[in-house]
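Visitor: I am new to this structure and would like to be guided through it with care. Could we go step by step, with each answer ending on the thing I asked for?

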Amino acid sequence: MNDVMEATREPATKAATDFDAIVIGAGVSGLYQLYRLRELGMTARVFEAGSNVGGTWYWNRYPGARFDSESWTYGYSFSQELLDEWNWEEHFAAQPETERYLNYVTDKFDLRRDIQFRTTVTAAHYQEAESCWKVTLHDGSQHTSRFLVTAVGVLSASVLPRIPGIDTFKGESFHTHNWPKAPVSFAGKRVAVIGTGATGIQAITEIAKTAGHLTVFQRTAQWSAPLHNSKVTPEEMADIRKNYADIFAKCQETVGCFIHAADPRSALEVTQEEREAFWEKRYGEPGFGIWMGNFRDVLMDREANKLMSDWLANKIRARVNDPAVADKLVPKNHGFGMRRVPLESGYFEVYNQPNVKLVDLLETPIESITPDGIRTTDVEYEFDMIIYATGFDAITGAFDQIDIRGVGGVSLKEKWADGPVTMLGILVDGFPNFMMVMGPHAGLGNFPRAVEYTSDWVTALIRHARDNGLTRVDATPAAAKDWTDHVIETNEGLLFTEVDSWMTGINRNLEGKQVRRVMRYSGGHPAFRQRCDAVAEGGYRELAVS
Ligand code: NAP
């Protein structure tokens, strides 16, 4: 499909070297940023490592990859025409549909001609004398721009586990993020999946349908709940279309920009019957309601969280036939919702199939990957295929892969070595004219909703600079410190900060990622927008400009 679509419109050529703005990444954020820069009448170039648009939805083509935000809350909201034209096929679109959507957007707004594919940015150095950025590509070529906007995603630097012998395996092996475009068959094969995050849970459920035998290597069990996906009927689509304004307005009101808002009641103030009836209802409904639309204190209060976790543990136990296996699938080291809740479509029942085995790595850790398979402390398993669903160097990983240097040659990676320092999650002091669409310290959640706001804010700042003849806009160290302190404050006392996950900056496969850090703003999107609006409405007084 990619190649057909690539042929329809010409991507950018390499000839031009100087631009008003360079954007890194042609995923959900980069595409929208390009559209907005074009509106300003600016010359812009997007550099994209993939051979087509889509970012996350280009790379993650593993079996079972799909939204767990409602499709109709995930699309762009900026164009009425686009909303009128695009019909979502499923309430939670699978990766191919989303990739098609992003290609449709790209072609509708003729974005491809400013995107250079198969191009990796290796370095970006600020040039003080010219107040511009010099960007170096993988082939050594260099380009300059006044503004540099990163649209590199928060989960785009994939990580293989640190397991001895990983290079010796003779069979097929894939990381879910770098899944091949050609179909992969599991029929008759002995398949291993390492990792049971949101990705692993989607992939395992799908692969179990056709694999000869599937062995799942689980280190940490997950509080997963049903997705309840279904097709969007024409009547439903007509209804959605009529209600888009309300849908997007509702998303703007919630902390994570999802359609689901927390119930104002405490889990502790209702009777057990009411509580359980409410949870039963949420468990039976599509999407993130069980996580984002739970009682207001389920994610904040230890006792409420324990009640919810115990309730959900019983749900898991009821779905798995073998009580010993069920017990392994119930998380013991963290409460419900403290990690990102993976939504599933028959995941737990997979372990009732005769062709599926669960290996609990807490009991028998992996010792090595061998030429023939995986050796744990008790046995060597033989495999034809090993799938690594082992996650990402999240949030800062994609930045670290580029040698980004600001004023005085200061490296961004070094500046952030003890944790990110940003202003509004968008600017970094000492890195003038550098803007991040969804950098660290941004509020995470329903991604495109946050992207549209952040990218509009970036665009307004660039317009302000242009209209006022400013060649340099930078966060002051004081403003960056204020914001960083505030972000840390928003995380204080929250239960999820006590748990290891990518959201707390932990990756056990990477040096330097073993200490929990504040990676994201936790004050909720409405408050985030208020703070950003205040800076813009105040004429950007917190910035150092010249
Ligand atoms: P993840 O949540 O970081 O999960 C990685 C998994 O690999 C964990 O189970 C981890 O175990 C395991 N692992 C890593 N190294 C290991 C090792 N050396 N040995 C054994 N196990 C190892 O990554 P992910 O599942 O790719 O998901 C990341 C995020 O992407 C999600 O939280 C979500 O935000 C996003 N996502 C979204 C969707 C969607 O929208 N539908 C789908 C997929 C992913 P430990 O937990 O013990 O470290």
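**A walk through the model**

Guide: To begin, a polar atom of the side chain of T196 lies 3.0 Å from the backbone oxygen of T220, a polar contact in the sense of a pair of N or O atoms within 3.5 Å, where within protein one must be able to donate a hydrogen and the other to accept it, and residues adjacent in sequence count only if both atoms are side-chain atoms. This is a predicted model, in which local features need pLDDT of at least 70 and side-chain atom pairs count only at pLDDT 80 or more, while totals for chains, interfaces and linings use all residues. Residues are numbered from 1 along each chain as its sequence is written, and side-chain values use heavy atoms, with hydrogens and water left out.

Visitor: Is T196 buried or exposed?

Guide: T196 lies in the loop between β8 (190–194) and α7, where helices (H or I, at least four residues) and strands (E, at least two) are DSSP runs, numbered from the N terminus. Setting aside neighbours within four places in sequence, T196 is in contact (heavy atoms within 4.5 Å) with residues including I201, V216 and Y347. Buried means under 20% relative accessible area, exposed over 50%, and partly exposed in between, with a 1.4 Å probe and protein chains only. Because its relative accessibility is 7%, T196 counts as buried.

Visitor: Which helix gives the largest share of the shell around the ligand?

Guide: Of the 25 residues around the ligand, R66, T199, R219, T220 and W502 come nearest, a residue being near if one of its heavy atoms lies within 4 Å. The shell divides into 10 nonpolar, nine polar and six charged residues. The largest share, three residues, comes from helix α7 (residues 198–207).

Visitor: How much of the ligand does the protein bury?

Guide: An oxygen atom of the ligand lies 2.8 Å from a polar side-chain atom of W502, and a backbone N or O atom of A198 lies 3.1 Å from an oxygen atom of the ligand. Taken alone the ligand exposes 910 Å², by the Shrake-Rupley method with a 1.4 Å probe, and of that area the protein buries 86%.

Visitor: What is the phi of M438?

Guide: M438 lies in the loop between β18 (434–436) and α16, and because its relative accessibility is 1%, M438 counts as buried. Most residues other than glycine have a negative phi. Although M438 is not a glycine, its phi is positive, at about 75°.

Visitor: Where is S501 found?

Guide: S501 counts as buried because its relative accessibility is 8%, and, not counting residues up to four places away in sequence, S501 touches R339 and I506. From S501 to R516 there are 15 residues in sequence and 8.5 Å in space, C-alpha to C-alpha. S501 is found in the loop between α17 (477–491) and α18 (525–537).

Methods: Nonpolar A, V, L, I, M, F, W, Y, C, P; charged D, E, K, R; others polar.
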